[in-house]
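Colleague: I have a model open and want to learn how to read it. Can we go through it feature by feature?

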Amino acid sequence: MSTRYAGARWGESMAADAARDPRDEDPSLEEIAALLQDLATEYPDQMTVERVGESVGGNPLWLANVTDAHISDDDKQIALF
């Protein structure tokens, strides 16, 4: 029996948990890029997305800018991840 808690999945044994690749259920880079583009299309006044380069491995690097245009830039917080 397997249960989920806060995104974690617990199996029948510690060995099974350790052997499972936690990335198996992660979205692909293409799926993430498509989601960002969809959000920018749905909320054009609050979000823009642009390709700003490429990683050493050749994967695209995306800049997603989420903002409230009614707040001055001096009063905004910036998060980069």
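Colleague: Among the elements of the protein chain, which has the lowest mean pLDDT and which the highest?

Modeller: First, this is a predicted model. Where pLDDT is low, the predicted coordinates should not be read in detail. Here strand 1 (residues 3-5) has the lowest mean pLDDT among the elements, at 49. Helix 2 (residues 29-42) has the highest, at 93. For the protein chain, the mean pLDDT is 81. A pLDDT of 70 or more is reached by 73% of the residues.

Colleague: Next, the layout. How many helices and strands does the protein chain have?

Modeller: There are two helices and four strands. Along the sequence they follow the pattern β-β-α-α-β-β.

Colleague: What percentage of the residues count as buried?

Modeller: Relative accessible area decides that, and buried means under 20%. In this chain of 81 residues, 6% count as buried. The accessible surface comes to about 7,300 Å². Carbon and sulfur atoms hold 57% of that surface.

Colleague: And what share of the contacts comes from residues 24 or more positions apart?

Modeller: Take the contacts with a separation of 6 or more. Residues 24 or more positions apart account for 9% of them in this chain.

Colleague: Let us turn to pairing. How many bridges join strand 3 to strand 4, and do they run parallel or antiparallel?

Modeller: Seven bridges join the two strands, and they run antiparallel. Strand 3 covers 47-54, and strand 4 covers residues 60-66. The hairpin they form has five residues between the strands. Within that hairpin, Gly58 takes a positive phi near 90 degrees.

Colleague: Which residue stands opposite Leu63?

Modeller: Glu50 does. In a regular strand the side chains alternate between the two faces of the sheet. Keep that in mind as you step along a strand.

Colleague: What does Thr48 contact, leaving aside its neighbours within four places in sequence?

Modeller: Thr48 is in strand 3. Its contacts are Ala40, Leu63, Ala64 and Asn65. Thr48 counts as partly exposed because its relative accessible area is 44%. Thr48 and Thr67 are 19 residues apart in sequence. In space their C-alpha atoms lie 8.9 Å apart.

Colleague: Now the loop. Where is Asn59 found?

Modeller: Asn59 is in the loop between strand 3 and strand 4. Asn59 is partly exposed, with a relative accessible area of 36%. Beyond residues up to four places away in sequence, Asn59 touches Leu29, Gly53 and Glu54. Asn59 and Leu29 are 30 residues apart in sequence. Their C-alpha atoms are 8.1 Å apart in space.

Colleague: On to charges. How many salt bridges does the structure hold?

Modeller: Side chains of opposite charge can pair when their charged atoms come close. The cut-off here is 4 Å between the side-chain nitrogen and the carboxyl oxygen. The structure holds two salt bridges. Arg51 pairs with Glu54, with the closest N and O atoms 3.2 Å apart. Asp73 pairs with Lys76, with the closest N and O atoms 3.3 Å apart.

Colleague: Are Arg51 and Glu54 buried, partly exposed or exposed?

Modeller: Arg51 is at 46% relative accessibility, so Arg51 counts as partly exposed. Glu54 is at 51%, so Glu54 counts as exposed.

Colleague: Then what about Asp73 and Lys76?

Modeller: Asp73 counts as exposed, at 62% relative accessibility. Lys76 is partly exposed, at 26% relative accessible area.

Colleague: Last feature. Which residues form a nonpolar patch on the surface?

Modeller: Val52, Leu61 and Leu63 form the patch. Together they have about 250 Å² of accessible area. A patch member needs over 30% relative accessible area. Leu63, at 40%, counts as partly exposed. Leu63 lies in strand 4, and Leu63 is also one of the contacts of Thr48.

Note on methods
Residues are numbered from 1 along each chain as its sequence is written. This is a predicted model: local features need pLDDT of at least 70, side-chain atom pairs count only at pLDDT 80 or more; totals for chains, interfaces and linings use all residues. Side-chain values use heavy atoms; hydrogens and water are left out. Buried means under 20% relative accessible area, exposed over 50%, partly exposed in between (1.4 Å probe, protein chains only). pLDDT is the predictor's confidence in each residue, from 0 to 100. Patches are made of residues with over 30% relative accessible area and no salt bridge: like charges are joined within 9 Å, nonpolar side chains (Val, Leu, Ile, Met, Phe, Trp, Tyr) within 5 Å. Accessible areas come from the Shrake-Rupley method with a 1.4 Å probe; for residues, only the protein chains shown count as cover. Contact means heavy atoms within 4.5 Å. Two strands pair if DSSP finds at least two bridges between them.
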